Amino acid sequence: MSDQADILFPQRSPIELEILSVLEERVGHAKAISMRDLAVAVGLGEDTRTLQDLIKHLVEEHREPIGSSPTQPNGYFMIKTADDQKTAFKHIDSRIISLAKRKARIVGNTPAEVLRELTGQLDLELQGAVTL
């Protein structure tokens, strides 16, 4: 594969392919698999931190539609429907708000001020990514 094709369609590692293979059977929130069970299924034992990093990479770099939810059934799943997406986004949004509240308490700002700062930082990062 050419260098340009590698940038557009980066190769997945063997462990990433294994994760995707397991998740192919877990389409939709109703079929979610717990983080621990997924880690064991792909040979990571109980190393859930590495699993989280791999899932993050699959979503952010490979655009895999992997969602997660803390509600029953909790765990990871492949997003297929608008309801699956809503469930996954609710979890993400809840975490963002919780972290903004935590940072606001530490620095003495409001959560809204923290999020405005982060929006500015994100805009700068995205502008830098575009100019590369």
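**Exercise 1: The chain as a whole**

Among contacts in the chain between residues at least 6 apart in sequence, 43% join residues at least 24 apart; a contact here is a pair with heavy atoms within 4.5 Å. Before you go on, a word on the source: this is a predicted model, where local features need pLDDT of at least 70, side-chain atom pairs count only at pLDDT 80 or more, and totals for chains, interfaces and linings use all residues. Residues are numbered from 1 along each chain as its sequence is written, and side-chain values use heavy atoms, with hydrogens and water left out.

Task: work out how many helices and strands the chain has, and in which pattern they follow along the sequence.

Solution. 
- Step 1. Count the elements: there are 6 helices and 2 strands. Helices (H or I, at least four residues) and strands (E, at least two) are DSSP runs, numbered from the N terminus.
- Step 2. Read along the sequence, and you get α-α-α-α-β-β-α-α.
- Step 3. Look at the extent: along its principal axes, the C-alpha trace spans about 45 × 45 × 30 Å.
- Step 4. Check burial: 26% of the 132 residues count as buried. Buried means under 20% relative accessible area, exposed over 50%, and partly exposed in between (1.4 Å probe, protein chains only).

**Exercise 2: Helix α4**

Task: find out what span helix α4 should have, and which of its residues are buried.

Solution. 
- Step 1. Take the 15 residues of α4 (residues 48–62): at 1.5 Å a residue they should span 21 Å, and the end C-alpha atoms are 20 Å apart, which agrees. The expected span is 1.5 Å times one less than the number of residues.
- Step 2. List the buried residues of α4: Leu51, Leu54, Ile55, Leu58 and His62. They cover an arc of only 100° around the axis, so they sit on the same side of α4. That arc is taken from the directions from the helix axis to the C-beta atoms.
- Step 3. See what covers them: the cover includes α2 (14–23), α3 (35–41), β1 (66–69) and β2 (75–78).
- Step 4. Step past the end of the helix, to Arg63 in the loop between α4 and β1. Its phi is near 60°, a positive value in a residue other than glycine. Arg63 counts as exposed because its relative accessibility is 74%.

**Exercise 3: Helix α5 and the largest pocket**

Task: find which element gives the most to the lining of the largest pocket, and look at that element.

Solution. 
- Step 1. The largest pocket holds about 1200 Å³ of space. On a 1 Å grid over the protein atoms alone, a pocket is an open set of points where a 1.4 Å probe fits, with protein on both sides within 12 Å along at least five of seven lines; lining residues have an atom within 4 Å of a point. Grid points are joined across faces, edges and corners, and the volume is the space filled by probe spheres set on the points.
- Step 2. Of the 35 lining residues, the closest to the pocket's centre are Lys56, Glu60, Ser68, Ile92 and Arg95.
- Step 3. α5 gives the most to this lining, with 10 residues.
- Step 4. α5 has 26 residues and reaches 37 Å from its first C-alpha to its last, close to the 38 Å expected.
- Step 5. Buried in α5 are Asp84, Ala88, His91, Ala100 and Ala104. Take His91: its contacts, leaving aside neighbours within four places in sequence, are Ser68, Ser69 and Pro70.
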